[in-house]
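Q: Please give one part of this model a close look, down to the residues. I would like to know how it is put together and what it touches.

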Amino acid sequence: MKLFSITALTAAVLLGSSVSALALERGGVMTYGRYTDSLFLDPVLNDANVDIWILTNIYDTLIAPSKDGLTLEPSLATEWKLNDAGDEVTLKLREGVKFSDGTPMTTDDVVWSLTRAANPENGIWNSLDASINKVTAPDSSTILISLKYPDPTILSALSVFNTAIMPKAAFEAMPGTTDKEKAEAFAQKPIGTGAFMLESWERGATMKLVKNPNYWAMGEDGKPLPYLDGLTFEIIPDDATRILKLQSGDIQGAEFIPFARVAELKADDKLNMELFPSTKVNDIIINVRPMIGDRENPLSDEKVRQAMNYAVNKDAIVQVVTYGVGTPLTSFMATTTPMHSGTTPLFAYDLEKAKALMAESKYPDGFSTSILTLAGNQDELATATALQQMWAAIGIKLEIKQVDNASRTDQYRAGTFDMRAGAWTNDISDASQITSYFAYSPTIDALHSGWKSDEVDGLFVASQKEMDPTKRAEQFARIQDIFNASGPTIPLYETPYPVALSKSVNGFYQIPLGNNVFREAWMAK
Amino acid sequence: MPLASFILRRLLQLIPTLIFILIVVFVLVRLLPGDPTSAILGDRALDADVERINRELGLDRSLLVQFGVFVESVFTGDLGRSISLKVPVTELIAQRLPITMLLTAMAALIALVMAVPLAFWAALQRGRAADAVIRGAFQIGLSMPVFYIGLILLTVFGAKLGWFPVGGYGDGFIEHVHHLFLPALTLAFSLSAIIMRNLRSAIIGVVDAEYVQFARAKGISSRLILLRHVLRNALISTVALFGLSIGTLLGGAVITETVFAVPGAGRLMVDSIYGRDYPVVQGLTIALAVLVSVTFLLTDLFQAWLDPRVAR
């Protein structure tokens, strides 16, 4: 009995100490399998998600999007205030922040970085900061941004990757004469205030990041972040190989798990199959111009589009394409987007109604049309094949054209496509970006569809100046009602980000905007 | 010196070939629908962005001017900068091409090691069970898709048995060879099948030739006959086939590199074509063309050594 007690006591002490040892020793080097490599690590001049979703581990913005993507949190600025008129932002900078090379971050760096981000000659994200008139620093810890007009989105815009703070002096010391040339040199070995810094980069193979010893943030345990000593991105384009490497323990995380394999990996007791909420929406974009080239376009008839919408069984597509992981859309924007409205799936499947609408349309006997899908993308092909069968029931003959991305973008921009599969994720925690591309016609002709609603255009312009959040939400609700009822899309489903992680990984998450956040990730040493 | 003039002749032939390739690749890559700006900026680009990027990339200039810039860059050894990766093309080629060359060389070596002894055995056992089994096995190797063989090898020898890494490239030469073994074996399957079949028929043809029968009648040992008379003569057509197959191997590397996550030139080429990264596609095509031409030249030289009539 005594022996048992001593053994039990020893075991309890050992267990206790090992648990605390685990808690103390957060760290390790994590290898994360990505489907493709980053291209250009400049916050302002990059063009692609493969950069955006990683950049935030190297650079910080003044304000950060929250984990659920709906609110804003302090980052390099500890507090901020938008004045009542909505045309001036005052931000208080965090004290003692240093860049990864050890130089202190100054107001000069902030003024320069924001001015560079807002310059219309730089990159494709500057429109998010179009309201910025002048950035100044009244004292060594305050930043004042004066705006050309009241802008309700400015605070969210200051949490977007392109407004990340970079070291002015180090950037300007780079070889080259233009901003682009200097950026190309700087991005080879970027310096930021982020949790990690780039150690080495073998293009197409591995990118090695190491802990930034000067990082400013503290973790939940009161210890400095990041917990990881290092973070390696390994590029493994083939889905099956990426999963195999994760299962064999070579890597500890893998992104973009095909939906077909989610259930299998959920059942794997060595893995955590995560489905992080995202702002990703999938739909079919319809060209609604009356003529495409010299052809009459039946898709311009609103009744036809409504018939097509009712003829699509979204639940079936969610099952076939996403293996039940997705959910049918309740608006053109995802439920994770601020000011999303709508509670029921759009155009619930109703074949009889679809047939009736077709009979009322200008094309009661049906017609032939086509859809562009991305060659090699199984999800888009499966969707298009399902649509082909569903629309055959209302007399529409659908031709599937598989093309590569550049060809598709070319036809899309030229407005010569009939339909295309579309997907979207937000870059900013606000409804304005998706609305400006989807519904507000002056941006890109409402997804290059040729659709236009004067009421939507007017409401959108008003929403961009409306400082009252309630009124603004009403404006967006009305825009969504109009677009969802008569817009140029077949809304399909929203999907989460499927990421599989080894059970040894803790604290990693991806926010709805897509940013991969590694600063709180750790592995038990 | 017939050999020297042969080499010189072949080197001179390389010049028009390369000029032809220069023109073809420049035109072909631009005939693809879509342009680098569409590929880079994707769906969100505004018209003003597209115009600005086109101007920055020099794509708003006439094709003739663009061709002039391209030719000038080739002759100065500077192949331009990658549009999407923003680094010099020569740097990318220097990083990625050696990986594909090592992969191809290992695949070729493995294919030879598998094919040559078995071809001999099959030829000498002609019509018997061993012959049928060897031919059947290689036929399966030839008809299985590369990505499928690759995944099977990865699963069995990588994930299950742990003998080889599950994809990747590793650090240092020893690790590179270790990482590239399975992809090289995958690539070697189809090549070894082709070589085996060709060499087997060639050996059968030579074994029945009168000069071999004569040598046998003279009482020369079978081993000497095999090495000096049979192998040397049978190899002539196989060497030609082998040389030509190197180009195919480089093509096959594209799929293999994707399945095995090998950061080689094949993957770079595919990514660059999708990205309409004109400078990389052009530069890499020229580099590959030179590589294939040099391989052909070496093949010819080896053939000339085997059969001096080739050099005449």
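A: **Chain B, within and against chain A**

The C-alpha centres of domain 1 and domain 2 of chain B are 31 Å apart. The model is predicted: local features need pLDDT of at least 70 and side-chain atom pairs pLDDT 80 or more, while totals for chains, interfaces and linings use all residues. Residues are numbered from 1 along each chain as its sequence is written, chains are lettered from A and ligands numbered from 1 in written order, and side-chain values use heavy atoms, without hydrogens and water.

Domain 1 of chain B covers 2–76 and domain 2 covers 90–311, with bounds from an automatic or database domain assignment. Chain B as a whole has twelve helices and zero strands (both are DSSP runs, numbered from the N terminus: H or I of at least four residues for helices, E of at least two for strands). The pattern along the sequence is accordingly α-α-α-α-α-α-α-α-α-α-α-α. Along the principal axes, the C-alpha atoms of chain B fill a box of roughly 85 × 55 × 35 Å. Of its 312 residues, 48% count as buried (under 20% relative accessible area; exposed is over 50% and partly exposed in between, with a 1.4 Å probe and protein chains only). Among contacts in chain B (heavy atoms within 4.5 Å) with a separation of 6 or more, 73% join residues 24 or more positions apart.

Next, the boundary between the two domains. On the domain 1 side of chain B, 23 residues are in contact with 19 residues of domain 2. Between them the two domains of chain B bury about 1,800 Å² (accessible area lost on being put together, 1.4 Å probe, summed over both), and 75% of this is on carbon and sulfur atoms. Of the area that domain 1 of chain B buries against domain 2, 26% comes from B:Phe6, B:Arg10 and B:Val29, more than from any other three residues.

B:Arg10 also takes part in a charged pair. One salt bridge is counted between the two domains of chain B (a side-chain nitrogen of Lys or Arg within 4 Å of a carboxyl oxygen of Asp or Glu). B:Arg10 forms a salt bridge with B:Asp300, and the closest N and O atoms are 1.7 Å apart. On the side of domain 1 that touches domain 2, the elements of chain B giving two or more residues are helix H1 (2–31), helix H2 (36–41) and helix H4 (63–75). Of the elements on that side of domain 1 of chain B, H1(B) gives the most, with 14 residues.

Helix H3 of chain B (residues 47–57) can be followed from within the chain to the other chain. B:Asp49 and B:Arg52 form a salt bridge, their closest N and O atoms being 3.0 Å apart. Because B:Asp49 and B:Arg52 are three residues apart in helix H3 of chain B, about one helical turn separates them. B:Asp49 is buried, at a relative accessible area of 7%, and B:Arg52 is buried too, at 4% relative accessibility.

B:Asp47, by contrast, counts as exposed at 52% relative accessibility. The partner of B:Asp47 in a salt bridge is A:Arg413, with 2.8 Å between the closest N and O atoms. This pair crosses between chains, from helix H13 of chain A, which holds A:Arg413, to helix H3 of chain B, which holds B:Asp47. A:Arg413 is partly exposed, with a relative accessible area of 21%.

That leads to the rest of the interface. In total, 45 residues of chain A are in contact with 41 residues of chain B. The area buried between chain A and chain B is about 3,600 Å², and carbon and sulfur atoms give 52% of it. In chain A, the residues losing the most area to chain B are A:Arg203, A:Leu244 and A:Arg413, together 17% of what that side buries.

Five salt bridges are counted between chain A and chain B. One joins the side chains of A:Glu184 and B:Arg81, at 3.0 Å from N to O. The chain A elements that each supply at least two residues to the side touching chain B include helix H6 (179–186), helix H7 (239–247) and helix H13 (405–414). H13(A) gives the most to that side of chain A, with seven residues.
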